[in-house]
Amino acid sequence: MKYRALITAILTLAILGPGGHWCPAQSLSNGIAAVVNGTVITLSEVRESVKAQEQIYLMEFRNDPMALNKAMEELKERAVDSLIDRELILAEFRKIGGTIRPQYIDDEIDNIVRENFGGDRTAFVTELARAGMTLKKFREEREKMLIVQIMRGRYTADEGPPTPLEVREY
């Protein structure tokens, strides 16, 4: 991770373009935002991860294009960093030989269907399709989320909560 600043700078150019400004025309094409241990993070994955926040920024900064560009730049940088971190965590999980039982993923999806769709699996699948996602892709994403949660929990379990001084310093 010692090259993170360099990687972020290169990725910012790849996402934002040469002027460091958000280029809507560039967002129409899909390209490589980063490669982490042989795993490609695409520009569409970055766009997908920031879609909701992007809409909020478009409304919030509609009268201030400079602030909008700055907010979008920061949003994209954070998204790329987050996706890189996720891929590094997933690589570590694979490296240690970790596995997730398919039943755990099924249980997660069943909980989502029960809590958000009143148990109506058809409505859930319809909503996925409306969002342009397949059930298979959703399962893969949930599995990745579970792995990240497990790995983060593994490394933070030994740490106590931050002290008031640490919170203030942060």
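Predicted model: local features only at pLDDT ≥ 70, side-chain atom pairs only at ≥ 80, totals over all residues.
**Entry 1, ground rules.** I number residues from 1 along each chain as its sequence is written, and I leave hydrogens and water out, since side-chain values use heavy atoms.

I searched the whole structure and found three aromatic pairs, where rings of Phe, Tyr and Trp (its six-membered ring) pair if their centres lie within 6.5 Å, with planes under 30 degrees apart counted as stacked, over 60 as edge-to-face and the rest as tilted. Phe-117 and Phe-124 make an edge-to-face pair, at 5.5 Å centre to centre and 70° between the planes. Phe-124 also pairs with Phe-138, and I note this pair as edge-to-face because the ring centres are 5.2 Å apart and the planes stand at 75°. The second pair links distant parts of the chain, with Phe-124 in helix H5 (residues 121–130) and Phe-138 in helix H6 (residues 135–156), 14 residues apart; helices here are DSSP runs of H or I with at least four residues, strands are runs of E with at least two, and both are numbered from the N terminus.

Phe-124 is buried at 2% and Phe-138 is buried at 13%, whereas Phe-117 is partly exposed at 23%. Phe-117, Phe-124 and Phe-138 form one aromatic cluster.

A search of the whole structure gave me twelve salt bridges, each being a side-chain nitrogen of Lys or Arg within 4 Å of a carboxyl oxygen of Asp or Glu. Glu-141 bridges to Arg-86, with the closest N and O atoms 3.0 Å apart; Glu-141 sits in helix H6 and Arg-86 in helix H3, 55 residues apart, and both residues are buried. I also find that Glu-45, Arg-86, Glu-87, Lys-137, Glu-141 and Lys-144 are linked in a network of salt bridges.

Glu-108 and Arg-142 meet in a salt bridge at 2.5 Å, N to O. Glu-108 lies in helix H4 (residues 102–117) and Arg-142 in helix H6, so this pair ties together parts that are 34 residues apart in sequence. Glu-108 is partly exposed at 23%, while Arg-142 is buried at 16%.

Glu-127 and Arg-130 form a salt bridge with closest N and O atoms 2.8 Å apart, and because the two are three residues apart in helix H5, about one helical turn separates them. Glu-127 is partly exposed at 31%, whereas Arg-130 is exposed at 67%.

Of the 14 residues that line the largest pocket, I list Glu-48, Ser-49, Met-133, Lys-137 and Glu-141 as the closest to its centre. A pocket is an open set of points on a 1 Å grid over the protein atoms alone, where a 1.4 Å probe fits, with protein on both sides within 12 Å along at least five of seven lines, and lining residues have an atom within 4 Å of a point. Helix H2 (43–60), helix H3 (65–95) and H6 each supply at least two lining residues, and H6 gives the most, with five.

Val-40 is found in strand E2 (residues 39–42) and is partly exposed, with a relative accessible area of 37%.

Definitions and conventions. Buried < 20%, exposed > 50% of the residue type's maximum accessible area, 1.4 Å probe, protein only.
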